[in-house]
Amino acid sequence: MKQFDAVDVIRVKRDGGKLSTEEIQWTIDAYTRGVMKDEQMAALAMAVFLRGMDREEIVTWTQAMIDSGERMDFARIGRVTADKHSTGGVGDKITLPLAPLVACFGVAVPQLSGRGLGHTGGTLDKLEAIPGWRASLSNEEIYHQLGEGCGAVICAAGAGLAPADKKLYALRDITSTVDCIPLIASSIMSKKIAEGTDSLVLDVKVGSGAFMKDIDNARELARTMVDLGRDAGVKTQALLTDMSTPLGLKVGNALEVEESFEVLAGGGPADVVELTVELARTMLSMAGKSDVDVEAALKDGRAMDTWRAMIREQGGDPDAELPTSTLTHTVTAEADGYLSEMDALSVGVASWRLGAGRAVKDDPVQAGAGIEIHAKPGDQVKAGQPLFTLHTDDEWRIPRALEALDGGVVISETAPAPRHIILDRVG
């Protein structure tokens with residue numbers, strides 16, 4: 001591999017230039033091996049944040065991160081595979097009912113997931129509220145569960161999968177370079193392409209509770225990721241979905257597991273069910289199964305059976321009681337009227353402050369902490385009516401959560417326009 005100097009690479013991008021294939025390959029390799037230091041990669045990440053990358057640079061950057069580690073191969077399991085990735089939101093527990101729902105139709109779902117950071121929840125944190133459940137599996141365990149087991153797995157990505165991304169993501173988080181489309185797209189897609197799935201559906205969140213606050217930027221991110229997937233031979237589509245309001249009626253780890261169980265039992269909030277069903281239809285269609293009744297699988301228990309098997313296969317007890325917090329606090333409506341707005345970011349930050357999330361990656365989380373939502377935009381409310389129940393183990397957290405919620409709810413004299421969960425499609 002041709003050798004470069006980190007300072008020269010940084011200068012090219014700082015001055016608005018285009019990095020060559022060789023420069024990018026050297027950069028990712030050198031950073032993975034520790035030859036390029038954190039402070040140098042931080043400078044380059046900020047230069048990319050400010051100057052951007054063209055499509056060729058993003059493709060090369062993504063491939064270099066894939067090449068930094070191993071690739072999985074699901075050909076041996078004897079089933080077609082389909083995966084979903086969400087860019088993260090508040091109350092976004094969709095992965096939990098979605099994976100077993102798709103798997104009960106014979107499509108294997110290798111859902112390699114992450115932990116929460118800041119106001120967005122992490123799928124692994126939610127599932128770890130289930131006693132005994134294991135997030136860390138070996139590759140052989142993943143292959144077995146997908147092929148001979150229930151057909152769905154939700155687990156942590158192994159250390160060998162795109163290690164450059166793992167290292168760079170941690171650096172981006174502390175250098176204010178997370179919300180950068182080239183770096184977001186390459187981060188997500190390097191892991192998903194290395195994972196080896198046949199097809200991928202992207203749930204790109206739009207709104208106050210998402211990384212992408214407006215639909216134009218979300219559409220650009222979706223198009224970039226769809227192109228990266230297709231260039232790599234992975235069938236890829238994206239849905240742009242609303243994250244101006246929290247998904248569902250429960251935010252927090254054990255609380256979201258409870259709500260996922262409700263969906264798998266044929267109930268649950270309408271918005272969670274709608275998005276779960278639409279993503280399942282898209283995943284199954286891309287896997288060659290378009291003539292299936294997804295709603296029936298929720299109502300007749302097939303998805304629930306797969307969920308229970310998936311939890312058991314990863315050491316969990318699907319019948320165990322979930323953790324609950326020791327303290328609760330009720331927030332009530334201040335006036336009569338229609339609930340016209342509920343800011344997803346405010347609710348997400350409040351839940352985080354109650355102990356459901358973490359500020360840095362090594363922080364512990366409270367399994368029972370979070371927020372129950374008693375009314376959503378469009379509902380008519382009365383003064384004094386409960387809007388939220390806050391859950392936490394620490395009394396000192398409640399005032400800070402209330403500060404986050406202040407101004408996050410708007411009550412109007414007239415009902416708001418109906419909310420649409422799915423805003424657009426790309427691919």
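Helix axes are lines fitted to C-alpha atoms, over the stretch in contact. Two packed helices are described by the angle between their axes and the distance between the axes. This report applies that idea to a predicted model, then turns to its salt bridges.

**Two packed helices**

Helix 5 covers residues 95-103, and helix 11 covers residues 253-264. They pack at an angle of about 35°. Their axes lie 8 Å apart. The crossing of helix 5 over helix 11 is right-handed.

Which residues of helix 5 and helix 11 meet? Helix 5 brings Leu96, Pro97 and Pro100. Helix 11 brings Val257, Ser260, Val263 and Leu264. Six residues of this contact are nonpolar and one is polar. None is charged.

**Salt bridges**

Side chains of opposite charge can pair when their charged atoms come close. The structure holds 31 salt bridges. Three of them are set out here.

| Salt bridge | N to O distance |
|---|---|
| Asp216 with Arg219 | 3.4 Å |
| Arg219 with Asp424 | 2.9 Å |
| Lys376 with Asp271 | 3.1 Å |

Start with Asp216 and Arg219. Both lie in helix 10, residues 215-231. Is Asp216 buried or exposed? Asp216 has a relative accessibility of 52%, and exposed means over 50%, so Asp216 counts as exposed. Arg219 is partly exposed, at 30%.

Arg219 also forms a salt bridge with Asp424. This pair links distant parts of the chain. Arg219 sits in helix 10, while Asp424 sits in strand 13, residues 422-426. The two are 205 residues apart. Asp424 has 25% relative accessibility and counts as partly exposed.

Now take Lys376 and Asp271, which form a salt bridge. What does this pair tie together? Lys376 lies in the loop between strand 9 (370-373) and strand 10 (380-381). Asp271 lies in helix 12, residues 270-286. The pair therefore ties together parts that are 105 residues apart in sequence. Why does Lys376 count as buried? Its relative accessible area is 13%, and buried means under 20%, so Lys376 falls in that class. Asp271 is buried too, at 11% relative accessibility.

**A network**

Salt bridges can also be followed beyond a pair. Arg55, Arg223, Asp227 and Asp231 are linked in a network of salt bridges.

Definitions and conventions
Residues are numbered from 1 along each chain as its sequence is written. This is a predicted model: local features need pLDDT of at least 70, side-chain atom pairs count only at pLDDT 80 or more; totals for chains, interfaces and linings use all residues. Side-chain values use heavy atoms; hydrogens and water are left out. A salt bridge is a side-chain nitrogen of Lys or Arg within 4 Å of a carboxyl oxygen of Asp or Glu. Helices (H or I, at least four residues) and strands (E, at least two) are DSSP runs, numbered from the N terminus. Buried means under 20% relative accessible area, exposed over 50%, partly exposed in between (1.4 Å probe, protein chains only). Axes are lines fitted to C-alpha atoms, for helices over the stretch in contact, and angles run from 0 to 180 degrees between N-to-C directions. A crossing is left-handed if the near helix is turned anticlockwise from the far one by less than a right angle, and right-handed if clockwise. Contact means heavy atoms within 4.5 Å. Ala, Val, Leu, Ile, Met, Phe, Trp, Tyr, Cys and Pro count as nonpolar, Asp, Glu, Lys and Arg as charged, and the others, Gly among them, as polar.
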